[in-house]
Protein chains: 2
Amino acid sequence: MQFELTQEYLDQIKEAIASKNVDYINQTLGELHSADIAAVIGELDIEESEYLLNCLDRELGAEIIRDLEGEIRKKLLKNFSPDEIAWYFKHIDSDDAVDILNEQPIPVREEVIAFIKNQEKADHIRELLHYEEDVAGGLMQKELVKANLNWTVTQCIEEIRRQSKKVEKVFYVYVVDDHEKLLGIVSLKKMLLADEDTLIADIYEPDIHYVESYREAEEVAQIMEKYDIEAIPVVNVHGKLLGRITIDDVVDVIKEEAKLDMQAMAGISESTEEDANVWRMSWARLPWLLIGMSGGILGARFLGLFESTISLVPAMAFFIPLITATGGNVGIQSSSVVVQALANKNSINNFNLQKLFKGFLIALINGIAISSIVFLFNMLIGEKNEIAIIVSIALFSVVMLASLMGTITPVILDKFGFNPALASGPFITTANDLLGLGVYFLVAHLLFNS
Amino acid sequence: MQFELTQEYLDQIKEAIASKNVDYINQTLGELHSADIAAVIGELDIEESEYLLNCLDRELGAEIIRDLEGEIRKKLLKNFSPDEIAWYFKHIDSDDAVDILNEQPIPVREEVIAFIKNQEKADHIRELLHYEEDVAGGLMQKELVKANLNWTVTQCIEEIRRQSKKVEKVFYVYVVDDHEKLLGIVSLKKMLLADEDTLIADIYEPDIHYVESYREAEEVAQIMEKYDIEAIPVVNVHGKLLGRITIDDVVDVIKEEAKLDMQAMAGISESTEEDANVWRMSWARLPWLLIGMSGGILGARFLGLFESTISLVPAMAFFIPLITATGGNVGIQSSSVVVQALANKNSINNFNLQKLFKGFLIALINGIAISSIVFLFNMLIGEKNEIAIIVSIALFSVVMLASLMGTITPVILDKFGFNPALASGPFITTANDLLGLGVYFLVAHLLFNS
């Protein structure tokens, strides 16, 4: 059962919408998973999407809304009234409902919640709205099955039955005491194999991993990944069970982080959605271009100091791009390796003298390789000896310095709480451009004057 | 129960190893999760690690070996004989065992398998060794619970009990016919709530997602993520159930891909482990440095054509770094956005004229911004009018061209089956350097001669 969205399929759906063929829509899309229909909607315009959602069963509609991309959902839900949205929320888990509400303006949020008939659900959503989106509390859902330590397996199964519509995937039953304090978990497998009269107290697993609601999403992802946990319980500072975070949300966190790292490396600020408008997207890129520009202007001023040298020996200028490009490339290579090492929180010494030395050796090997090749080339094409020597010495020095900069910058950024991946972007390239120019003309100055 | 590895803790463990204090080691480490002990071992030397493993319970030892990083494990297992390794495999799932064997030289693999007493396990491992590591077959494990369509819930529970030692996490029971053909799944929750005499045929879910053994790991990850599946069944071309892939392996795939993309952007070939030796690491970086170097040399030759211009107007040379850096930055920004769009396989039109136009508009806005600022700056510092005009026109053109290049290159790479993230690396920077120089001197040539 694999679905692939084709242009043909899409055209048929569009036609069915245009001709208001409700039966065809229901029949064709009814076979699909909500995530696939969400992908179809991603290719339709808002009016078509609205019509399509209204054709379908309300529960399926809710799942589709849950599976839509944020930007598309935000636009689409503008066409729905708060009570319609509240109606869909009946079939959407509390954490997803909160994500959807967070995309809406604050007055709409309040209105939607006011229309939710199930008081418990409304309370849950209100509670979850208080958390920042990037902490454990902002990832968790209230839907879970909990059992008292003193229950029997039968009582526990009854509870699962009672909650079964609300909690789609159970994973574990969370064991609490009379004050709702989290004590441990019981897996469904253990319950299935246990005798009906067995007490939960006799079969539960007390040594479990949990997270406090204020923990950062990144930390939660690391814990769940490290210990292979499919659903981790979230507690407050007193150990009271508040909710659970399921692995699918953590996969989203991991992907989002990879995306942010890539954007940091590429020099794009904040998480711009693909559907953001042109101004916002330009604005997200401009700061980094300005950093690069400032570096370029500084470089121009610096080169201005050597006007007479360049005028006299224009060949000095020819190799400027070679020097700056090599510095930039080496800097990014070094920094990205350090960034990846820093991301590994399992080790105490993500960064130590030994690694610094290893980086030094790698730079040494590559520096010698690059500068030798360029020297040979310059000899071959009959470049002046002085120029060939200056260029190769400068290249070698730039490789060594850029490697050092690339290694140290992410460590410093990390120490001060910034995303170290920033060091792999325009920031380090710009710094290395300037460094390269400085070294190049300094070497020239020293050799010419000696 | 959160563990943080401190230097103090590590020193105590090292001391206990040095003084051969087995009791202390067992007591202290016995409280930890195997993943935490694996992190401790990551900080010890090989002899210490070996001693420590031999102190601990064999089952815990097996889990630690499973949780170790590949490079460390490879070194450590050199100190163990094939029959010792085979003994540990008793407590290691087939997929993890195969990963471990794949790190070993082929003769060792064969020897280890020959020492595995459980014939079924040995057969499973031999079967899994045939698959490439980056396809579904290479990710799957043989450990799963399957039930015949005609069984009752009671029979199925008996099967789970029988397999319970072998299959730690059940997730779902896979339903097959008499020929082992996969028909569907039953969740443990459903089984827990069903009557004991209910037939599996009456409660199983027939519309399920599965993957063929030859599917690429990346595709498997996308399917599991899209449909929120914790354990996906793997079948052969005839639909016969072969194994299952659990979500933890897919999380590893997602992280590995993010790492490879980052390396591609940074210009580092292949997946170099942190612990690889200096030569291999230098070698992984050199090709990209050589690309950059070739670009730099080409640039030098190109600039050589304008020797007289540079000699006459050295200020022309001052702005070379500004032009090349801006081209590089814009190119990487554009390409990384396209790379991320291409990664989203849910949409048919990851790349279309509308997006191209949007990229054009963003480039237009930023191009105007950057070139205006630089023009104003050049006016302020009293740069010659001609130079100021040439620089700003060239800057603007470079932004537009680099944006176009950055947008198109990943699409082309993707079409031809390369990782589009390569386009965000030294490749595009080098191309844009040359492009920038070309535009700069072309503009100068046109303006000077007019």
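How many of the 24 residues of helix 20 of chain A are buried? Keep that in mind as you go. What you have open is a predicted model.

**Stop 1: helix 20**

Select residues 320-343 of chain A, which form helix 20. Of its 24 residues, 23 are buried, so the rest of the structure largely encloses this helix. Now check its length. At 1.5 Å a residue, the helix should span 34 Å. The C-alpha atoms at its ends are 35 Å apart, which agrees. Look along the helix as well. An α-helix has 3.6 residues a turn, so residues three or four places apart point the same way.

**Stop 2: Val186(A)**

Next, select residues 182-187 of chain A. This is strand 3, and Val186(A) lies in it. Why does Val186(A) count as buried? It has 21 other C-beta atoms within 10 Å, and 20 or more make a residue buried.

Show the residues that Val186(A) touches, leaving out those up to four places away in sequence. Among them are Tyr172(A), Val173(A) and Val175(A). Met191(A), Ile200(A) and Ile203(A) also touch Val186(A), as do Tyr204(A) and Glu205(A).

Now pick Ser213(A). Val186(A) and Ser213(A) are 27 residues apart in sequence. Their C-alpha atoms are 22 Å apart in space.

**Stop 3: the two copies**

Zoom out and show chains A and B. The same surface serves both copies: 100% of the contact residues of chain A recur in chain B.

How values were computed
Residues numbered from 1 in each chain as written. Chains lettered and ligands numbered in written order. Predicted model: local features only at pLDDT ≥ 70, side-chain atom pairs only at ≥ 80, totals over all residues. Helix = DSSP H or I, 4+ residues; strand = E, 2+ residues; numbered from the N terminus. Expected span 1.5 Å × (residues − 1). Buried ≥ 20, exposed ≤ 12 C-beta atoms within 10 Å, placed from the backbone. Contact = placed C-beta atoms within 7 Å.
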